[in-house]
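Work through the exercises below with the sequence and the structure at hand. Each task is followed by a worked solution.

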2 protein chains.
Amino acid sequence: MGKNKPKAVVLLSGGMDSAVTLYIAKKRYDCHALIFDYGQRSRKEVGSAKAVSRMSGSGHIVLRISLPWKGSSLLDRNVAIPREADMAKGMIPSTYVPARNLIFLSYGVSYAEALGARAVFIGAHQLDYSNYPDCRGEFFDSFRETVERGTKRGVSGKSIRIITPIINYTKKDIILSGISMGVSFALTWSCYVGGARPCGECESCRLRAKGFKEAGVIDPLLRDR
Amino acid sequence: MGKNKPKAVVLLSGGMDSAVTLYIAKKRYDCHALIFDYGQRSRKEVGSAKAVSRMSGSGHIVLRISLPWKGSSLLDRNVAIPREADMAKGMIPSTYVPARNLIFLSYGVSYAEALGARAVFIGAHQLDYSNYPDCRGEFFDSFRETVERGTKRGVSGKSIRIITPIINYTKKDIILSGISMGVSFALTWSCYVGGARPCGECESCRLRAKGFKEAGVIDPLLRDR
């Protein structure tokens, strides 16, 4: 059935946002998930991403990539994960990974071009987010132009679409949308720290908790404790 | 001495173009070469890149990256390297690697941001080239905008410069410039095929030969035969 749909590559992280994005994408596309093992300290992410991919019925590739220069508290265990949200101060927190979405999207475009896929989906959003510059609409707008100019498909007038379906969703919207599509959030993982259970204090845990609270739903990951 | 210069990341492939670019960059920057081992069938490239880096006195990192979807005759040994130049027909040859420069530049920007480097140098040029869309000035212009919008440095108003010093050089210009700076072209490698000696027939060998002929210089790689 999925064979009649056009192909799409979906960047999948193991978190809630990309899980919901995958479910939105699979309504209209034959989805191929791309999962990155990039040395993130939270080793659960990759396993969660694989579980989400399986749940959705999509195939996936796990790509191991190396960022030996680190430059982020998500990669460098000698730097503490911030416990207070820096977002309120308008700062970019130390969890920012230099050019991460640029690298991930570039791989996504490469995979899409080789696969003959029409689109690359990414679950970034710019409302309840961590102030990362590579999650904002104006970054994706420019990236689309870059892909149009710099790929074989782009210069042939059949550019690969970069689709950000939840860019203007709040965390509450993401959760309610996911529930309506049958996403099992118990399989997803958000905590940055890398323990066996969510720390509850890092920005990612806080944003997740805020979303579930506003949605009036109990987080299944915490309910199972 | 190099310590007083600002830092730059230089993408280094083992070919002539990036070697000359490194020598241009090192006049004004403390250079950190970034070399990609991306499964290219020409296994000599990485060794040549390291040799060029050593010759220049720069440090380097070799990054192994995986493009399991291939999509290029440079990666897929089941697809022949074209012997006739497709450029004349205005086509993009099968040696095009999907989104390669986009991926390489994205890593370069990530490294530069973590290192505190001011610039990323890439030795692309759009005159005597293979019609690759990701070697043209308009691609780099758009990529610059993307970096400005999508990185911490970019949104702080101190964006990383993407410098293409030989973008409008011919192969002849590249060779004469390299000779004037002391680049040893005997250390560089251009052939796509991956044999012990240059095949002399692939587009990369042809462009190299054309350059040396126009420059009125004998290619030291062939002289040593």
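**Exercise 1.** List the buried residues of α4(B), then find which elements they pack against.

Solution. This is a predicted model. Step one: a residue is buried if 20 or more other C-beta atoms lie within 10 Å of its own. In α4(B) the residues that qualify are B:Phe139, B:Phe140, B:Phe143, B:Arg144, B:Glu145, B:Thr146, B:Val147, B:Glu148, B:Arg149 and B:Gly150. Step two: 10 of the 14 residues of α4(B) are buried, so the helix is largely enclosed by the rest of the structure. Step three: from chain A, the packing partners of these buried residues are α3 (100-115) and α4 (137-150). From chain B they are α3, α5 and β5 (161-163).

**Exercise 2.** Describe the side of chain B that touches chain A.

Solution. Step one: chain B brings 38 residues to the contact and chain A brings 39 residues. Step two: the elements of chain B that give two or more residues to this side are β3 (59-64), α3 (100-115), α4 (137-150) and α5 (152-155). Step three: α3(B) gives the most, with 11 residues. Step four: by type, the side divides into 21 nonpolar, 10 polar and seven charged residues.

**Exercise 3.** Is α3(B) mostly covered or mostly uncovered, and what follows it?

Solution. α3(B) is mostly covered, with 15 of its 16 residues buried. After α3(B) comes B:Gly116, which has a positive phi near 75°.

Key
Residues are numbered from 1 along each chain as its sequence is written. Chains are lettered from A and ligands numbered from 1 in the order in which they are written. This is a predicted model: local features need pLDDT of at least 70, side-chain atom pairs count only at pLDDT 80 or more; totals for chains, interfaces and linings use all residues. Two residues are in contact if their C-beta atoms, placed from the backbone, lie within 7 Å. Helices (H or I, at least four residues) and strands (E, at least two) are DSSP runs, numbered from the N terminus. Ala, Val, Leu, Ile, Met, Phe, Trp, Tyr, Cys and Pro count as nonpolar, Asp, Glu, Lys and Arg as charged, and the others, Gly among them, as polar. A residue is buried if 20 or more other C-beta atoms lie within 10 Å of its own, exposed if 12 or fewer, and partly exposed in between; C-beta atoms are placed from the backbone.
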